[in-house]
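Here is a short briefing to read with the structure open beside you. Take the topics one at a time and find each spot in the viewer as you go.

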Amino acid sequence: MYNKVLSGTLHGVEGRLITVEADVSEGLPTFNMVGFLASEVREASDRVRTALRNAGYLVPPKKITVNLSPADVRKEGSAFDLPISIALLTAYGYIPEEYTRDILVIGELSLNGDVCGVRGILPIVDYAKSQGIRKIILPYVNRKEASFIPGVEIVGVKSLKQTVEYLLGEEDIRSEPVLQMKGEMEAQFLEDFADVKGQRILKRATEIAVAGMHNILYLGPPGAGKSMIAKRIPTIMPELSYEESIELTKIYSVNGMLNKEDGLVHNRPFRMPHHSITANALIGGGRNPKPGEISLAHHGVLFLDEFLEFQKNIIEMMRQPLEDGRITISRLQGSYTFPCDFMLVAAMNPCPCGYYPDRNHCHCTKPQIDRYLKKVSQPMLDRIDMNIAVKRITYEELYEEQETEGSELIKKRVIEAHQIQKERLAPYHISFNSQIPAHLLEEVCMLGEEECRLRQEAFEQYELTARGAGKVLRVARTIADLDHSERVTSNHILEALSYRMGNFYQGGEMQ
Amino acid sequence: MERDVYWYWLNNIEGIGRVTIRRLLEEYEEPCYIYEEADSREIACLLQTLDLSMYEASKDSDRLQREFENLKKKKVTFTYPGKEDYPERLYNILDAPLGLYYKGSLPETTQKAIAIIGARNCSRYGREMARFFGRELAKCNIAVISGLARGIDGMGHQGALEGNGYTLGVLGCGVDIVYPTENYELFMKMERQGGIISESNIGIQPFPGLFPQRNRLIAGMADGILVIEATEKSGTFITVDQGLEQGKEIFALPGKLTDRSSAGCNNLIKFGAHLVTEVSDVLEVLHYKDGNVVYANTIEEVSDAQQKITLAPNEKMVYSCLQIEPKYLDDIIMEARIAPQDVCMLLNQLIMKNLIVESGRNYYAIKL
């Protein structure tokens, strides 16, 4: 007596179909499981047997063989408990074989027969649909995240018994209504730019950074509001599109980080890993690779506070993903590609104590500061376009009556700037000013004679490098876009010079 | 051997310092007599046993010749009391150096000299003032002497170089060692446009015990000492004390009472130092005896001259928000009450016109 049931597993953030075959034959009573299994899958035999008994199904001792195919894909996770049980019950004759055909089954079992939630549902469902599967039985708690894929009937089950009764047609489970989503997600943020008092220049620089998707570095003492403003960056980014949201939800689903009630990621992510983070946690990895922080920040913001405290080699691993917008991790079982198109926001103190140049607080000597700043990773600085100093605000600023601009207004300007950039840069297959390659800068910025002269003067006066000059132009281009100006004018370049990435203190001059 | 080499030898016996050398010179008058003629039993009476062995070991004429040639090769000049280039001012100080190594040139005896000294960790106000006084005094043909250290010292030299004047750096290590290394450029310029002098032989690394002697030299080479910025317990006061012992004029720049980095200066003024608010305050005292009247720019005149460069009204407005002490960009925006982008634009325009500097990331200050 042989039967098979379809199930699925994960490969990176993509789904794969797995066939669960069960055979029950005469012989010494054993329970054998084969098919390149991880230990948690192997443990399923005990769970399944106990759950079957506790759910009230008598399983006579026979020689049971379960195979998960294809045999060359390593199976991990606990999502095979339910499909194995169903395959067994079919093999034992509890369920007629044709009732389980073309249904994909996923779920973990507890010993009493309840079905528990698993991670990575969305990518599997998405893949299953593309493979022509029209009905999926999955844990009740995961039903929401699966219901965003139209064209598949989603059945959320709470227990093994309920599943069997549903298959037998004894119990009718209302399939989940498909939540059709199109266009943009509605973001729900608790934070708002209006919460940030004072800090005009910081806000302005942040707006420019977001408008051109420039990576930005904040330099300032503890408690100046670096993290506060960084946390609010997602609130001025355009709403996630439906496609972006699905992409993100897949990543979060794989990591088991979805909000169970909601199912879909609504807000642009803001990730703030601690500086003790390991390479695998940041980039993604593990034996069976999972997305890291850079992928969790996909379409959003990765904020590295205390930038200098991160291990240099770990920080430098982000170089390639920062440029490509995705990361490929190769392991024994294959290579996995995770998307990681994020905006990098870094913050650091200007000196070991953090208060330089406030000489009432800071007594760091120049060699101390030099030694401290030397820890910064130069290759990473090369990939950050903007730099702005932050200072603690005064009591008066904190409690000033003046209305500050809210996120809504800023977001409107940012969206407009994004639109302009997308239209202009479409022929070059890029979407943001921060991605303009050096050889296209001239063409895109449309500098006049006066601007060229200014650029030369600035190059000398500020001792810019070729790369530094390029960054100034890119930022100037974004400022011009915020200004709805077709050409980059002198004023735009002059303003961009204030945000240039340069020496942290000018020409070695100390105060 | 030449007389120079004998002097060089006497100054470079390990374990024998100025006090012993003086005792020996009293007895024998010239180093060559000590080297060639001194009876070992007589010498033994003047030296301790340990020093005696050093004394004997150091008498290696080949090595001495070689070392002396090496000095010349490195363009280091050696001088000693009695030699024509030995600075005349130093004859007047107690415990005058018996050997000096220098690069570049030494100041003219007729030229008035002022030491500009102060803290290494100083404010931008201090730095700018040191530079301003260095420059303006140099323009009035005053030699600027200092210790080529971080902070005030270096800026004093810097100013003097900008004013195209003579400046002398007195080191606490060998004159071939650039300490601190960040002064490398300044060091190289001073070799050409001034001088660098030390009591230590080349190759001797900076060592805390050497600095008080250096400070005595700074005081000795100058006619007056101008203290720009110093805390109450600053090492600057070693120089000032030495200067007072040597009878030099002491000048000090007043500072805010709440400013710890000026507390030492304010104390000096309280105890009778000349209070300096203008360059001419220094000049008047220095030229008191010879009656020379030299005109010097005041700080207002210098900054007014800056203002006179044609500025657009809004540039002028932003410029007026700035001071010598650096100000953070956001504070300037608050004060100017115009949009942040305009302030950034105007500030960078002013930087391009060389009127202001960005002294730290997004901190701006006017240039004097």
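In chain A of this predicted model, 5 strands make up an open sheet with parallel pairing. Their order is β11-β14-β17-β10-β18.

**The sheet in chain A**
- β11 (270-271) and β18 (386-389) of chain A stand at the edges; each has a single partner strand, so one side of each is left without a neighbour in the sheet.
- β11(A) runs parallel to β14 (residues 301-304) of chain A, and 2 bridges join them.
- α7(A) lies across β10 and β18 of chain A, and it runs at about 170° to β18(A).

**A:H214, in a loop**
- You will find A:H214 between α7 (200-212) and β10 (216-219) of chain A, in the loop that links them.
- A:H214 counts as buried because 24 other C-beta atoms lie within 10 Å, and the cut-off for buried is 20 or more.
- Leaving out residues up to four places away in sequence, A:H214 touches A:A209, A:D385, A:M386, A:S434, A:R474, A:V475 and A:T478.
- From A:H214 to A:L190 is 24 residues in sequence and 24 Å in space, C-alpha to C-alpha.

**Helix α11 in chain B**
- In α11 (residues 236-245) of chain B, the buried residues are B:T236, B:F237, B:T239, B:V240, B:Q242 and B:G243.
- An α-helix has 3.6 residues a turn, so residues three or four places apart point the same way.
- Those buried residues of α11(B) pack against β3 (113-117), α10 (211-221), β7 (224-227), β8 (249-252) and α12 (263-270) of chain B.
- Just after α11(B) comes B:G247, with a positive phi of about 75°.

Terms used
Residues numbered from 1 in each chain as written. Chains lettered and ligands numbered in written order. Predicted model: local features only at pLDDT ≥ 70, side-chain atom pairs only at ≥ 80, totals over all residues. Helix = DSSP H or I, 4+ residues; strand = E, 2+ residues; numbered from the N terminus. Buried ≥ 20, exposed ≤ 12 C-beta atoms within 10 Å, placed from the backbone. Contact = placed C-beta atoms within 7 Å. Pairing = 2+ DSSP bridges. Axes fitted to C-alpha atoms, helices over the stretch in contact; angles between N-to-C directions.
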